[in-house]
Amino acid sequence: MKLLIQEAANKSLPALKLVGFRVLCRSGEEYVEEIPKAVDQLFVQKSEIPHVVTSNGYYGVFMVDACHPEVDGYWVCMEVGEFGELPEGMEELTIPEQTYATITYQGPHTYIMKAYRELHDWISKKGCERLLNTWHLEKYSAFPSSDKHLDVELYDTIRRGVIDGK
């Protein structure tokens, strides 16, 4: 089994414009089944999304502590340069400019939580504050293969300017 977790770092990203599907479930266990269905649907309909920046990968977007019902859930999206006519069933989402702690993970989907634990440990060791009610990202470089192998960069939102005295 190939498993690669690269060292964590921090990054600032400009605002992102995203278009895709919102997945909203009653329990956490349902997301395990429903998110892959949304990814498959996004892959099928990606050519219908106008102004796509790159058609190879996609984003998973969520708030750890969604304080309002309209931001609860998980979005499976593609980045667009500008918003256009939305394909049926899709939504648009704007992620503001934010600072993130990031880590890259390559391996089976079943071990992604190990990468999250390493990222959270790194954040804690750096004395950073995680912002749980802001958007967090998972940037997938490609749509998943049949063996569920992932190549993903995890973006955990942190308070701007707290790393290394910045």
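User: With which side chain does the side chain of Glu 153 make a polar contact at 3.0 Å?

Analyst: This is a predicted model, in which local features need pLDDT of at least 70, side-chain atom pairs count only at pLDDT 80 or more, and totals for chains, interfaces and linings use all residues. Residues are numbered from 1 along each chain as its sequence is written, and side-chain values use heavy atoms, with hydrogens and water left out. A polar contact is a pair of N or O atoms within 3.5 Å; within protein, one must be able to donate a hydrogen and the other to accept it, and residues adjacent in sequence count only if both atoms are side-chain atoms. Here the partner is the side chain of Tyr 155. The side chain of Glu 153 also makes a polar contact with that of Lys 11, at 2.7 Å.

User: Is Glu 153 buried or exposed?

Analyst: Buried means under 20% relative accessible area, exposed over 50%, and partly exposed in between (1.4 Å probe, protein chains only). Glu 153 counts as buried because its relative accessibility is 14%.

User: How does His 51 count, and what is its relative accessibility?

Analyst: His 51 has 40% relative accessibility and therefore counts as partly exposed.

User: What is the phi of His 51?

Analyst: Most residues other than glycine have a negative phi. His 51 is not a glycine, yet its phi is positive, at about 65 degrees.

User: With which side chain does the side chain of Trp 75 make a polar contact?

Analyst: The partner is the side chain of Glu 91, at 3.4 Å. Trp 75 is buried, with a relative accessible area of 1%.
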